[in-house]
Amino acid sequence: MTQRIEDYALIGDLQTAALVGRNGSVDWLCLPRFDSAACFAALIGDEDNGHWRIAPKGAGACTSRRYIGESLVLESVWETRTGTVKIIDFMPQRDTAPDLVRIVEGVSGAVEMASVLRIRFDYGSVVPWVRRADGHRVAVAGPDSVWLRSEPEVKTWGQQLSTVSSFTVSEGEKAAFVLTWHPSHEPRPEQLDPFEALEHSLEDWSEWSARCVSAGPYREAVVRSLITLKALTYGPTGGIVAAPTTSLPEDLGGVRNWDYRFCWLRDSTLTLDALLSAGYLDEARAWRDWLLRAVAGDPADLQIMYGLAGERRLPETELPWLAGYGRSAPVRIGNAAVRQLQLDVYGEVIDSLCLARETGLQLETHAWNLQLSLLGFLESKWREPDEGLWEVRGPRRHFVHSKVMAWVAADRAVRTLEQDPSLRGDADRWRRMRDEVHEEVCEKGYDPARNTFTQSYGSVELDAAVLMIPRVGFLPPEDPRVVGTVDAVRAELSTDGGLVRRYSTEGTVVDGLPGSEGAFLACSFWMVDALRLTGRVKEATELFERLLALRNDVGLLAEEYDSAAKRQLGNFPQAFSHIGLVTTALALSRAQTAG
């Protein structure tokens, strides 16, 4: 491990994504989809597991880098003793085949460059057969085929099971490299013009970013987060992956390593809120439609996550040949939490569809019937323990957040029927359920001695998820129990910098796992929201600006942050973190304007 998680930048084509390090190495790329096997897996292994580095010969990290304008086109600059060179990395939105384009451009002087391409299909385990064809290099193994070409042609040769080249660029000179994947049984795809593709990519991203309607004083951070969310969207279906990576550790050197290349229902309401608030109705509609397709069927079979197209089987497997990022093993693909019972997702889905209806995204009749079906199942199930929002791998409990989201499900059903009495449904029935859940949570999930809601019934542990209580409307922000809960979470789950952990991992077996983890960035944004809602806008602003300072040099956030080591942890970049940034920034800017 030579690079920190925050040393990477994201590029992608709305169907998959790559991570490019400050040293010019592409260390992670799955083709052709986010959830496909990686052909570059050095990120969670080593260079022998696949990577592609282009950089000045003998150089280390770039001098500077940035995204060009409001785009996903990355520009990295090296200043050397002989001159300055930049590399532009991007993945054009594809017609058929995915392309990774790398353009080397001389800025001043003359710089000797080196390229090392080491393709390893199936997560770094398969060495392909590489040959020349039509003047280009083609690598084939099983179902996968990758072509490498350059424009103008740059000489390449084989060396130690890799394809290498050495060339010099002078001021004004350009050399473009294009890596194209296709199924090995199909003909080679049509070749794109890399320079035209760059112009089109910049135009496309600029037009898309300009659609942001309300960013306030935090526009740069909000737009960058929205671009990141767009990049994590699987274009053909509208599903949004939690992250483009697997097994980046929550505990460096530990076992808390999970595959996040799937779509979580827990993100649904916050995702819709972020997209709608920023004016991205098409993306919100696509996410809403994905959600309806994914959850269709027997309510008893509702899962917490699905594949990019709504796939349900996501079996978890360990890959022993990969050492893991920073020796954090095992490396996992798939996610066994898919089979967990998490009652909160019923509330998340119903809340999302209620939000969609209230903001003008028209729903067909079957969508309301689906909500009634989900609610009917939840009515008979909400009293049971579950694994909770955080997918604990310990024993089931009566998690307070899960019960609160059951209340949300009933409340949104009542609200929908009150707004549109023409819909079928028994509002009184759902009112009774709503009142029963509310009474039980306030009785069993609240600790009057400490004036705080707890993680689960009868527990002393706290959980940052209860910060959502005022946000979802379970209790008003000014309620003393809400204020007490915010203060308790701040006191017991905050780090020195005010960042918030999900829950304590010290002296408890709630999640069934050894080790610890960093501060959870989404929860830290929830704390900003809670402070704002309870009237502490100045403190909320201070914490929010500390969170903004944790972004890497190109504006990206992972799942967690280690305050002691001052580094990002977990899968990267993380949709949940960027969703939190967008919704919090927009709400905070409105509060600052009002106050």
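This briefing describes the pockets, salt bridges and local backbone features of one structure. The model is predicted: local features need pLDDT of at least 70, side-chain atom pairs count only at pLDDT 80 or more, and totals for chains, interfaces and linings use all residues. Residues are numbered from 1 along each chain as its sequence is written, and side-chain values use heavy atoms, with hydrogens and water left out. The structure holds 44 salt bridges, and its largest pocket has a volume of about 520 Å³.

**Pockets**

- Rolling a probe the size of a water molecule over the atoms shows where empty space is left.
- A pocket is defined on a 1 Å grid over the protein atoms alone, as an open set of points where a 1.4 Å probe fits, with protein on both sides within 12 Å along at least five of seven lines; lining residues have an atom within 4 Å of a point.
- Grid points are joined across faces, edges and corners, and a volume is the space filled by probe spheres set on the points.
- The largest pocket, with a volume of about 520 Å³, is lined by 29 residues, of which Thr269, Leu270, Asp273, Asp351 and Arg471 are the closest to its centre.
- At least two residues of this lining come from each of helix H4 (268–277), helix H6 (344–358), helix H8 (400–419), helix H10 (468–472), helix H12 (521–533) and helix H14 (575–594); helices (H or I, at least four residues) and strands (E, at least two) are DSSP runs, numbered from the N terminus.
- H14 gives the largest share of the lining of the largest pocket, six residues.
- By residue class, the lining of the largest pocket has 13 nonpolar, five polar and eleven charged residues; Ala, Val, Leu, Ile, Met, Phe, Trp, Tyr, Cys and Pro count as nonpolar, Asp, Glu, Lys and Arg as charged, and the others, Gly among them, as polar.
- The second largest pocket has a volume of about 400 Å³, and of its 16 lining residues the closest to its centre are Pro92, Gln93, Asp95, Asp99 and Leu192.
- Helix H2 (residues 194–209) provides the largest share of the lining of the second largest pocket, five residues.
- Four nonpolar, five polar and seven charged residues make up the lining of the second largest pocket.

**Salt bridges**

- A salt bridge is a side-chain nitrogen of Lys or Arg within 4 Å of a carboxyl oxygen of Asp or Glu.
- Asp553 and Arg65 form a salt bridge whose closest N and O atoms are 2.7 Å apart. This pair links distant parts of the chain, 488 residues apart, with Asp553 in the loop between helix H13 (537–548) and strand E25 (560–562) and Arg65 in strand E6 (residues 64–67).
- Asp553 counts as partly exposed, at 42% relative accessibility, whereas Arg65 is buried at 8%; buried means under 20% relative accessible area, exposed over 50%, and partly exposed in between (1.4 Å probe, protein chains only).
- Lys86 forms a salt bridge with Glu75, with the closest N and O atoms 3.4 Å apart. Lys86 lies in strand E8 (residues 83–90) and Glu75 in strand E7 (residues 74–79), eleven residues apart.
- Lys86 counts as buried at 18% relative accessibility, and Glu75 is buried at 9%.
- A network of salt bridges links Arg66, Glu75, Lys86 and Glu105.
- Arg429 forms a salt bridge with Glu379, the closest N and O atoms being 2.5 Å apart. Arg429 is in helix H9 (residues 427–444) and Glu379 in helix H7 (residues 365–381), 50 residues apart.

**A buried threonine**

- Thr454 lies in the loop between strand E23 (452–453) and H10, and counts as buried at 2% relative accessibility.
- The side chain of Thr454 reaches the backbone oxygen of Ser456 at 2.9 Å.
- Apart from its neighbours within four places in sequence, Thr454 is in contact (heavy atoms within 4.5 Å) with residues including Val400, Gly445, Asp447 and Ser459.

**Backbone features**

- The peptide bond from Glu151 to Pro152 is cis, with omega near -5°, and Pro152 lies in the loop between strand E12 (144–151) and strand E13 (157–159).
- The peptide bond from Phe572 to Pro573 is also cis, with omega near -20°.
- Tyr123, in helix H1 (residues 121–124), has a positive phi of about 55° although it is not a glycine.

Key: A polar contact is a pair of N or O atoms within 3.5 Å; within protein, one must be able to donate a hydrogen and the other to accept it, and residues adjacent in sequence count only if both atoms are side-chain atoms.
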